[in-house]
Number of protein chains: 2
Amino acid sequence: MSQDGKSGGLRPLSRRGFLAGAGIGVGLGAAGAVGADRFTGSGDGDPAGGEDALIVPFNGAHQAGITTAQQERMYFVALDVVTDSREELRDLLRTWTTMARRMSRGLEAEPEGSVGVDRDTVATDTGEAVGLRPARLTVTVGFGPSLFDERFGLAPARPEELEDLPRFPGDQLDERISRGDLCIQACADDPQVAVHAARVLVKAGSGLVTVRWAQLGFGRTASTSIEQGTPRNLFGFKDGTANLKNEYTNLINEHVWVHDGSWMDGGSYLCARRIRMLLENWDRQTRREQEEVFGRTKDEGAPLGREHEEDPMPFNEWHGTDGPLIPAHAHSRLASAPANDGARMLRRGYNFVGGVDDYGHLDAGLFFIAFVASPRDDFITVQSNLSHHDNMNAFVRYESSSIFACPPGPVDDDDWWGRGLFDQTA
Amino acid sequence: MSQDGKSGGLRPLSRRGFLAGAGIGVGLGAAGAVGADRFTGSGDGDPAGGEDALIVPFNGAHQAGITTAQQERMYFVALDVVTDSREELRDLLRTWTTMARRMSRGLEAEPEGSVGVDRDTVATDTGEAVGLRPARLTVTVGFGPSLFDERFGLAPARPEELEDLPRFPGDQLDERISRGDLCIQACADDPQVAVHAARVLVKAGSGLVTVRWAQLGFGRTASTSIEQGTPRNLFGFKDGTANLKNEYTNLINEHVWVHDGSWMDGGSYLCARRIRMLLENWDRQTRREQEEVFGRTKDEGAPLGREHEEDPMPFNEWHGTDGPLIPAHAHSRLASAPANDGARMLRRGYNFVGGVDDYGHLDAGLFFIAFVASPRDDFITVQSNLSHHDNMNAFVRYESSSIFACPPGPVDDDDWWGRGLFDQTA
């Protein structure tokens, strides 16, 4: 992992300083303008460690935004490629990488920033993040199965596991918000920073890609580090207690990162599903009914029959002869590793809320995201189990289903998303 | 204004302490359970002043959430009343007031909280804000013109100015996201706190009200206090430089608060419009073109021909004979008080982003909210001017239009939203 973004020597100048030094309205070459900066306003909370702590390193063996301690907000965009040119696709991925690297450091997407080369230029950066902090922005890119068709010569490199997820029982999928050739997952503690990053990349791809669907996540509903508290989902329950944490190095290596010697080595598969929560129905259930659906208590998030959130799930204990402490079809049991041949995943989902449906019910729920080394072993196994048996199915509706292969990270400032894939198919 | 929420003596117990003292699963009367609390996790930033600074006083001559320094996030819900019972509507408003007062202090909506009276109870609070801080939550309620029809005996008290906004030139309104009998504007620095508050009130109105439409605002795009920086809208420009600030007491009194001796005395009219921004079109414009649309510079937000954001607009200065410094149809000129017979409004809008439209364009923009003492003088005058002449019209689409009368605040713990209206029509 490089020192990108962490080194004091790379700290950008202030935007005001940059403009004062260069002259407003004067054309600027890239070489003289690397300091375009956004750090002039206030964003969300300022964690211990100051501004450096707001920058997530971009370069590395793995992409940022996977095991990164989960940020509070997310904007996710799926795109279709509309050019048939392999070279244009490759150049776009290079451009995106460079822009995302800059934005992760709190810089504008390119040196000229949102003011452009001069007043008669169309600027690359759209400007709405000027003044905002880096806010731990990460941008994570993935390739959908459809990218590996005949268009770009990538078919020979399609990983065997990169295929559309199966239709699970009960799925009510909307094709318009499923799948895509590419995806951009932008996460940050400030939603405007996340929205800006994805939008700028979309703009950079104008004429080459179109947005297929997009989803805002207003609040994280998982934790990916033992440093984070467990947030609550819109059912009011703590969500993600048993999630993989980035500190569990061995489990992360086994269940998140691909190790296959191909271009995907060091990458991970992103599985995304929009899970509408039928809140009006849920809200009519007693606490007992809700707790038996989850297998955990509502207040503490403890396993039923236990007191503390972190207590192990007593899957094999019974209420005398009245049945198991954790009901047979409770969500926490069915989703657990023991019930799925040891399957584990790194969940990184977000609560969402839109408008209302035709019945006046809130269009709200969980935008589920999981990163896995093997979609088959770590995701499909678990989802199949849940879709067949989970008591929670009465209260949710699976509305979309997508899978993307997220390549390894750019290892240095010359590297770019997908270089290995293009090299392997050259 | 009462000491509600500001007094150390009212600081709630911790949720854990409450449960330990009362016994989990034991039925609790309201009297023994006033301490149900949410302060156990971490929310967004912790401002100077500690947790007390995260509580906005609820009781007062005016409702909170109008001149309150604008919070970062918003969830707005418009509802239709489906009962014909005046008494049920009145009781609902009473219940809502009590619940909102508690939630503003970081408490659950009622003393039993999300755990309910016992395990076989359907709880009132849905629980997803347990562990979150008050986050400066405000809940502001308004009454639409349609509430004053024959159903509830309120017609004699309909203010003359409370009528559907006129259709302005260029409006492309969607009825399904316009108007409503009631509205709830929930604002907080943590979106989950705002979403929770509105959802709990909707749940409390089950069978009496249905949600007509809802809108999440992910980031403020105005400032209502001189203590706040000016945020940027999705066009990348600073938005709200010339907005009324809550420190401008005389202007607020004149242009925000109603003074008519009726039940609306101390209240304000809320005008809301969903303004889709055609970002793909905007993003193709040069900086010069964009700046001439606004009449301000993109980087500093300064009036054209000036250097600093706070410099007065030079409406009467010319570039020699080349035309005015601020173009005749620039947004900032057309929206200004001098161009509108002195009209002013308190804007409190939010950026939004949804999915994509049928053309793959981002469904994003500004959910515009303004509070005014006189819709006719302070809002319609300005909007009419903009709708006829604003150069920005090429880049926006007005998709919804709504007006609500927000009554004065509950002055003490026995008072409730709309009491004056019901008394006046008793």
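Let's start inside one chain: residues 63-218 of chain A are 21% helix and 20% strand, with end C-alpha atoms 22 Å apart. UniProt, in an unreviewed entry, labels this span "domain: Dyp-type peroxidase N-terminal". Bear in mind that everything here comes from a predicted model.

Further along, the unreviewed UniProt entry puts "domain: Dyp-type peroxidase C-terminal" at residues 230-409 of chain A. That stretch is 21% helix and 21% strand, and its end C-alpha atoms sit 27 Å from each other.

## Where the two chains meet

Now for the partner. How many residues does each chain bring to the contact? Chain A brings 56 and chain B brings 57. Interface size is often quoted as the accessible area lost when the parts come together. Here, chains A and B bury about 5100 Å² between them, and 50% of that is on carbon and sulfur atoms. Three arginines stand out: A:Arg119, A:Arg199 and A:Arg287 provide 15% of the area chain A buries against chain B, more than any other three residues.

## What holds the eye at the interface

Six salt bridges are counted between chain A and chain B. One of them pairs A:Arg288 with B:Asp120, whose closest N and O atoms are 2.6 Å apart. There are also 26 residue pairs in polar contact across the interface, counting pairs with both residues at pLDDT 80 or more.

Which parts of chain A touch chain B? At least two residues each come from the helices α1 (15-22), α3 (191-204), α5 (279-282) and α6 (287-294), and from the strands β1 (73-81), β4 (209-217) and β8 (350-356). Sorted by class, this side of chain A has 22 charged, 20 nonpolar and 14 polar residues.

## How the copies are related

Take chain A, rotate it by 180° with 0.0 Å of shift along the axis, and it superposes on chain B with an RMSD of 0.0 Å. The two copies are therefore related as by a two-fold rotation axis. Both use the same surface, too: 100% of the contact residues of chain A recur in chain B.

Note on methods:
Residues are numbered from 1 along each chain as its sequence is written. Chains are lettered from A and ligands numbered from 1 in the order in which they are written. This is a predicted model: local features need pLDDT of at least 70, side-chain atom pairs count only at pLDDT 80 or more; totals for chains, interfaces and linings use all residues. Side-chain values use heavy atoms; hydrogens and water are left out. Contact means heavy atoms within 4.5 Å. Buried area is the accessible area (1.4 Å probe) that two parts lose on being put together, summed over both. A salt bridge is a side-chain nitrogen of Lys or Arg within 4 Å of a carboxyl oxygen of Asp or Glu. A polar contact is a pair of N or O atoms within 3.5 Å; within protein, one must be able to donate a hydrogen and the other to accept it, and residues adjacent in sequence count only if both atoms are side-chain atoms. Helices (H or I, at least four residues) and strands (E, at least two) are DSSP runs, numbered from the N terminus. Ala, Val, Leu, Ile, Met, Phe, Trp, Tyr, Cys and Pro count as nonpolar, Asp, Glu, Lys and Arg as charged, and the others, Gly among them, as polar. Copies are superposed by least squares on the C-alpha atoms of residues with pLDDT of at least 70 in both. UniProt positions are given in the numbering used here, feature names are shortened, and annotations may be inferred rather than shown by experiment.
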